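Good morning, everyone, and thank you for making the time.

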Amino acid sequence: MLFSKIINAIKLGSHYMDLWPDEPILMAIFPEMRYKKMMSLGRIVLPPVVAFLVFWIYYTCGGFSGLYLLFTHPSSGSMTLYLSIVSVIFMILILLQLPLLGVVWFSVRATTPLNQRQQQFYFDLIQKLEKTPAQNPTMLDFITAINQGLKTFKDKDFLDRL
């Protein structure tokens, strides 16, 4: 049950992150665009960093024979080396979970209710689009309406009211 909630949160966060258009006006107002840029940078930078850390463990242990000696007889090896390997392994685990935490943050933001000004903008935009508004709109409803507005209207002047 908890596992399915986590999977649904990851799906919702990923969907919400993909909905954000690349608009400079939105980037100045909402943090989601900046986080989206950081997540895309992380997808590029993190794999080489993790690969370098794995190579560093291999190099500092003297290859596979060094790893075998280190993990079978820790008392025969240097304790400093053993602790550095453990710390590098923990750094790798932390680096690998950062993109996942970003997607979970997007999931939390997707379910955040709108403030008064955003609600007013949302209802005005939905009225112009001639759609039925949600009762308690969230940020997911908000960005969906903005995307529909960007596709429907030729000019982007409606974003100036944000």
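I will begin with the chain as a whole, then turn to one helix, to the salt bridges, and finally to some loops and contacts.

Please keep in mind throughout that what you see is a predicted model. The chain has 7 helices and 0 strands, so that, if you read from the N terminus on, the elements simply run α-α-α-α-α-α-α, with helices defined as DSSP runs. Of its 162 residues, 33% count as buried, and the accessible surface comes to about 10,600 Å², of which 66% belongs to carbon and sulfur atoms. If we take the contacts in the chain with a separation of 6 or more, 62% of them are accounted for by residues 24 or more positions apart.

Let me now turn to helix 3, which covers residues 31-60. With 30 residues at 1.5 Å a residue, this helix should span 44 Å, and its end C-alpha atoms are 41 Å apart, which agrees. Which residues of helix 3 are buried? They are Glu32, Met33, Met39, Gly42, Leu46, Val50, Leu53 and Ile57.

I come next to the charged pairs. As a general point, side chains of opposite charge can pair when their charged atoms come close. The structure holds 4 salt bridges, and I will go through some of them.

In one, Glu23 pairs with Lys156, and the closest N and O atoms are 2.9 Å apart. This pair links distant parts of the chain, 133 residues apart, since Glu23 sits in the loop between helix 1 (2-19) and helix 2 (24-29), while Lys156 is in the segment after helix 7. Are the two partners buried or exposed, or something in between? Glu23 counts as buried, at 10% relative accessibility, whereas Lys156 is partly exposed, with a relative accessible area of 43%.

Another salt bridge joins Arg109 to Glu32, with the closest N and O atoms 2.6 Å apart. Arg109 lies in helix 5 (residues 79-110) and Glu32 in helix 3, so this pair ties together parts that are 77 residues apart in sequence. Glu32, which you will remember from the buried residues of helix 3, has a relative accessibility of 0%.

A further salt bridge is formed by Arg161 and Asp124, where the closest N and O atoms are 2.9 Å apart. Because Arg161 lies in the segment after helix 7 and Asp124 in helix 6, the parts tied together here are 37 residues apart in sequence. Arg161 is partly exposed, with a relative accessible area of 45%, while Asp124, at 18%, counts as buried.

Let me move on to a contact between separate parts of the chain. Leu19 has its place in helix 1, and, leaving aside residues up to four places away in sequence, Leu19 touches Leu140, Ile143, Thr144 and Asn147. For Leu19 and Thr144, which are 125 residues apart along the chain, the C-alpha atoms are separated by 7.1 Å.

Finally, I would ask you to look at the loop between helix 6 (116-129) and helix 7 (139-152), where Glu130 lies. Glu130 has a positive phi of about 60°, although it is not a glycine, and Glu130 is exposed, with a relative accessible area of 73%. Asn136 is found in the loop between helix 6 and helix 7 as well, and Asn136 is also exposed, with a relative accessible area of 67%. Asn136 and Leu114 are 22 residues apart in sequence, and their C-alpha atoms are 8.2 Å apart in space.

That is where I will stop, and I am glad to take questions.

Methods
Residues are numbered from 1 along each chain as its sequence is written. This is a predicted model: local features need pLDDT of at least 70, side-chain atom pairs count only at pLDDT 80 or more; totals for chains, interfaces and linings use all residues. Side-chain values use heavy atoms; hydrogens and water are left out. Helices (H or I, at least four residues) and strands (E, at least two) are DSSP runs, numbered from the N terminus. Buried means under 20% relative accessible area, exposed over 50%, partly exposed in between (1.4 Å probe, protein chains only). The expected span of a helix is 1.5 Å times one less than its number of residues. Contact means heavy atoms within 4.5 Å. Accessible areas come from the Shrake-Rupley method with a 1.4 Å probe; for residues, only the protein chains shown count as cover. A salt bridge is a side-chain nitrogen of Lys or Arg within 4 Å of a carboxyl oxygen of Asp or Glu.
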